[in-house]
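Student: I am new to this structure. Please take one part and go through it closely.

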Amino acid sequence: MSDVVTLADGAGGKASRRLVERLFLEELRNPLLETLDDAAVVSANGTRLAFTTDSYVVRPLRFPGSDIGELAVNGTVNDLAVSGATPLALTAGFVLEEGFPLDELRGLTRSMGRAAERAGVAVAAGDTKVVERGAADGLYVTTAGVGLLDPRVELDARRVRAGDRVLLSGGLAEHGIAVMLARGNLQLEFDVESDSAPVHELASALCGFGAELRWMRDPTRGGLATLLNELVAAAGASVVLDERAIPVRDDVRAACELLGIDPLYVANEGKLVAVVSAEAADDALAALRAHPLGAQAALIGEVRSDDLPLVLADTPFGGSRIVDMMVGDPLPRIC
Amino acid sequence: MRFVDEYRDAAAARAVAVELADVAAGLPHVKLMEVCGGHTHAIYRHGLDALLPENVELVHGPGCPVCVIPMGRVDDGISLAEHPEVTFTSFGDMLRVPGGRHRSLLEAKARGADVRIVYSPLDALALAVREPERQVVFFGVGFETTAPATALTLRRARELGVENFSVFCNHVLIGPALRAILDSPDTDIAGFVGPGHVSTVIGTSPYTFVAADYGRPVVVAGFEPTDILQAVLMLLRQLRAGTARVENQYGRVVRPAGNTVALAALEEVFEVRDDFEWRGLGAIPRSGLRIAEDYAHWDAERRFEVPGARIEDPKACRCGDVLRGRAKPWECKVFGTACTPERPLGTCMVSSEGACAAYHAYGRHKVLA
């Protein structure tokens, strides 16, 4: 580990994981934090609550399909939803830079309000801090959320068994590619929009499968690949993906090809990944597909018991390869 | 997706594999080198080794431009980036490459150096125009593939009279690297899958010496699964027939004479260095480019003090053997232990296109299992 923070530490891959485990977890260790799940489970008077927080520093503040306000609501709603919880209330903390236009702030806050309404959740408390010009990049938002855990499910990677199936709710990489293109320095023109959306209804549909639903996550930073690597490490089993079954829109795939970036490592903001029992897989897939956000849902892989917990992909050519955790940010290759 | 999906068609690939098995049946154990890191990456990513006959072995060549930059040159880049007036610009994948003392440009950036990722040298020039108070330096890295873009940018800088722009030139040439591999003792490589991207610029004639002087066939190939398999098939056919010629599998992109406009730009802007150090291979005569006298004003090595320290390749690392086809990545003692993609010791682990990194990322389960 470098002795200063580098951008790779925030990219959601191996470096981020190491920073969390070797610094934050060491200093703050407690049973709630130790699981390192998207949300912590807090019990009070027999009620189980999910509790989570996330900060948003995306540039640009607006990009095709979404903006930082909507993202800040959907991201936290999704962390609660994939923990098996119904979102109850959010908080929002703003760090604003001196000189930030109020019109812009109102627009982004309005977008936040619309997203909260769509997800059926209230922004119930907030905080504002203003820093000197140059001390923040326009605006940062931190949201936290609390949700009521669905009593029908107990989501835990350790409940994942060989033979279980892996489902994905729709096409990969739309958010990451939309933001990368919106930064404007690639001079590529694609009509790719961020997939930012609340997945709470999809998650809730899957919770109906009770104990047959083993585990859920949303593949944000680090993408599907990083998420599945976290799963296999926690579950002590392998996941074998069928590459051809993984949905990626044609234009998104083309952008990834041009940039030399693997869509498996690109961020999503409106998708979920679920592991369900083999018996429930077909019905769970149908339940996802019945929702407009899950129309492209697919069965993308299977859990296997292996000596080495790895994520593997069977290629159409009869070979197989490892799908490793992301090392740092996905950087476009030289040639 | 057109122009991609056709070349990833599994049925077409299997059909080539059947022919491959047939042609290979009459041959002894054959070692072929894919020169370009792009090929190495594609072979592992698509699991193409599963379709190769048992007696055909692919070994990985020196064609990963990020990997072959010696640690001393990375340190020189970092030292340039640390000048307070300098904005140091680079392609993204150079940023993680560690120099001596394990420091990378990414770390220099975290410590306050002004390091920025660009997607083209022209972006770096535009940055210099936009920020005239900064000294913008571009980290010129790559084979003849990326060198023309650097050349055109230097030409443009001169036309526009941009005073605050310069290039730290580390461009290298593929031909001398192949010759160095062929000249090394006990080379048992029977033929070469030629690099596709480089050949779009230089054409196919620069490989003639491989066939004429060393009696090895070369087939320039594209980067999709069926391209690579077809190129292997073409090589095996030549070996069966006992011929050694340069063939072009990538005809949809590569012209025999290459890109004459790009070649003229290289000729005008660069001159060949007497020798240049390659990570893993050592100094190779006439294998690197530097900025010609006419463009000296835009040469970062002339404008700034550059330490120019040489740093030995780590002793434990067998990259030199891997690059010459004498060892497989997993035969190196430090592979996957002291040397990983996050903390690479040797050149082949540095970029995703390096042989060790590609094997570590995609194929290590086959060895560990």
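Tutor: Start with two helices of chain A. Ile68(A), Gly69(A), Glu70(A), Ala72(A), Val73(A) and Asn74(A) of helix 3 meet Leu108(A), Thr109(A), Ser111(A), Met112(A), Ala115(A) and Ala116(A) of helix 4. Contact means C-beta atoms, placed from the backbone, within 7 Å. Helices are DSSP runs of H or I with at least four residues, strands are runs of E with at least two, and both are numbered from the N terminus.

By class, this contact of helix 3 with helix 4 of chain A holds seven nonpolar, four polar and one charged residues. Ala, Val, Leu, Ile, Met, Phe, Trp, Tyr, Cys and Pro count as nonpolar; Asp, Glu, Lys and Arg count as charged; the others, Gly among them, count as polar.

The model is predicted: local features need pLDDT of at least 70, side-chain atom pairs count only at pLDDT 80 or more, and totals for chains, interfaces and linings use all residues. Residues are numbered from 1 along each chain as its sequence is written, while chains are lettered from A and ligands numbered from 1 in the order in which they are written.

Now the geometry. Two packed helices are described by the angle and the distance between their axes. Helix 3 (residues 68-81) and helix 4 (residues 102-118) of chain A pack at about 30°, with axes 7 Å apart. Axes are lines fitted to C-alpha atoms over the stretch in contact, and angles run from 0 to 180 degrees between N-to-C directions.

The crossing of helix 3 and helix 4 of chain A is right-handed.

The contact takes 32 residues from chain A and 42 residues from chain B. Helix 8 of chain A gives the largest share of chain A's side, four residues. That side divides into 17 nonpolar, eight polar and seven charged residues.

Methods
Left-handed = near helix turned anticlockwise from the far one by under 90°.
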